[in-house]
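Hi,

Have a look when you get a moment.

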Amino acid sequence: MNKAKTSGLPALLSAILLIASTSMILAQTSPGTVKGIVVDKDGSPLPGATVTLENRSIGIVGLGGVTNAQGEFRITPVPPGKGYTLRVNLPSYQKIEFTLEVYSGKTVVQNVTLREEFKERVRVEGKEETVNTESTQISTTITSEFISGLPILGTDYQDVLTLAPGVTDVNDTGNPNIHGARDTDVVTLVDGVSTTDPFDGHFGQNLNTESIEEIEVITAGAGAQFGRAQGGFVNIVTKSGGNEFKGSFTLQMRTYRLDGDGAGVDPAELRGGLGETDGFRDLSFNTIYPFLSVSGAFVKDHLWYYFAPEYNNEEFPVNAGTQAYIQTLKDARVTGKLTWQISSNNKLSMTALWDDLSFDNQNLGSRVDLESGYTQKRGGPTITLVDNAIFTPNFSLTSTISRFDNSFQQIPTIDPDTNGNGYLTVDGNPLLGGNQDGFIQLREADPGLDFDQDGKFDVFEDFDGNGKLSNCTFDEITGERTCLEDRDHDQRLTGPLGCEGNDREDINCNGHLDFETDTNDNGVVDPVEDSGIPCDNPSACPGGFVPGTRGNGVLDTEDRNGNHFLDDNPFPNWVDRNNNGTPEVGEYTAPLAADKPYLLNFNNLTLIGPYNLTYEDSRTRDTLKEDISYFVPDFFGQHDMSVGMSVEQEGYDASFQARPFWQLQTGGQNLNTGQIGGVISAFLPVQQQASNSAGSDNFGLYFGDTYKPIPNLTVGVVLRYDREEITSHGYTFFD
């Protein structure tokens, strides 16, 4: 931590505190400055000359003042932009005007020589000094004209950052590094407000490039007003409306109709002979990219608007060898801006940024089924209010208040609750076999009603108790085996623990109706009689009895309809529509299937089922900034001082939902029971749901003075103090 102790200028400091306490909002970052000296033809200073600066195309009017006793003038803050007109007027002297371009954070020096008035108009093109002795900043400025001329479909602003010297993005993530610094050490500012992701330090807001007036990439020597970065800064200035109505519409498109090869365009040596079916080449894919911008005035010279929406729908054909599919990127971005000239020396603006991006069919491959992918989503708004107040030609205040609110999601392609019964696990439901211990176990996955996933209600079959299907015959022609005990025609023996369905009568799956009996015929349910219906299935009956039948004060029975007959049927409501005497799918009511697991089948090394991780988070930043500029023209030389502070509060809240990752390897088949052997295992999450949160409070304070004791000597003094306090809370797997 650095500390500095200063003295003097008590009136200035009092004014700073007073203004900072009453200001609530701020202007664009790194405004420019226009200054110079007005002299006559002999080089003598001309005090009292009127200097005005305006740019009506972007709604800038009312800037300027009069020259001091030394003929000097200084205009700040000036929003960056092209097409500024600087006019100088003094009675008995000719009027003169200049066309200037003001860059972000830079000073334009335009000295003026007035001659005696005559009937001729002189127009001079002014440019900034080749060497600016008042700044040590090294930066590259990229204009909107340059961006619009790039031969790139759907340009992102991140695509052009690497055009600045010293900036690279080797992994093409949109998060560059500057002079070898980490990619998390680059802060992106939009109209003075950070849009960097508060969680991972990468870019946090996708921006409509049509709305960008200028991008300044600061690679070294950033001023004291910049903080919280070690690498560099990306300073983006958005466009504003003006008095003239302007509008543009552009539509860019790419389509498979101009590429008949679809996803089958890979050279044979790359695909290894795979991917040549007609279906791969028949994939349909299109990219459409429309964007619009309109600007103008609601009230001329007072209230302007700018609005620029864009939409990007890109479809990418992917040939994965054993399958081909389309990945779709959808991205909507909107920039809106209102600018209000409250008075000649006070301007208020509001900028709203919004983006919404989704990218589907992620995590797929040659052995990953299409249903096992997921969709990534991100986006949200950034709202910024700006106030720019000029109290005197030498004293101005800019204030900013902003809200950044983005969210990220990872959503499986298909709903993990594939059977739609509202359960993902039965751990909390003892009636379905859950033990309520808070941990997800393999047998606690939602079984639905069809435990063996054969589409039929399994009922008790081993009536002779020999542990195998009995009374079987073989068809000599078809080789098909038919067994009298195989009631559900699945060629497998349903044992004492395999019955399915909540509505069956044989709840304990032992092949006959069980009931509690009034053994003493006293008409009262005695405790010894209310013993419960025995059940040996630990999943369905954790206590050894049918749940709810023991100690309930009622003589329970499995005979639900009272006909004294076991009515369990593997094919309920069967209607033999084709009259072939065989129950077929669609002719009877099938049991509710279990949720599909995220399953790796070792027999063919394929992944199926809904992706086993769902994720969602929220990332926020609230910002308040105050920046004061004060110019002292003659105090042992010139002083161009700046004082400011920033307060940022960041938040992060995330929720995770993890599900088992199953693995299956089947073996041989038991000829007696028809059961298929093998091994099933799973990676189990310790906890199915978890939440994490973090927050930080950041405070920054800076002071800078550009001191010129003599005209050709500049001394810069800067001091910045930053403090960050971070708190976090969340679930961890190990302590």
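Of the contacts (heavy atoms within 4.5 Å) in the protein between residues at least 6 apart in sequence, 67% join residues at least 24 apart. Do bear in mind that this is a predicted model, where local features need pLDDT of at least 70 and side-chain atom pairs count only at pLDDT 80 or more, while totals for chains, interfaces and linings use all residues. Residues are numbered from 1 along each chain as its sequence is written, and side-chain values use heavy atoms, leaving out hydrogens and water.

Of its 735 residues, 46% are buried (under 20% relative accessible area, with exposed over 50% and partly exposed in between; 1.4 Å probe, protein chains only).

Now to the cysteines. There are two disulfides (pairs of cysteine sulfur atoms within 2.5 Å). One joins cysteine 472 and cysteine 483, with sulfur atoms 1.9 Å apart. This pair links distant parts of the chain, 11 residues apart: cysteine 472 is in strand S24 (residues 472-474) and cysteine 483 in strand S25 (residues 481-483). The torsion about their S-S bond is about 110°, so this disulfide is right-handed. Cysteine 472 counts as partly exposed at 25% relative accessibility, whereas cysteine 483, at 7%, counts as buried.

Cysteine 499 and cysteine 509 form a disulfide too, their sulfur atoms 1.9 Å apart. Their link is right-handed, with 65° about the S-S bond. Both cysteine 499 and cysteine 509 are buried.

Best wishes

Technical notes:
Helix = DSSP H or I, 4+ residues; strand = E, 2+ residues; numbered from the N terminus.
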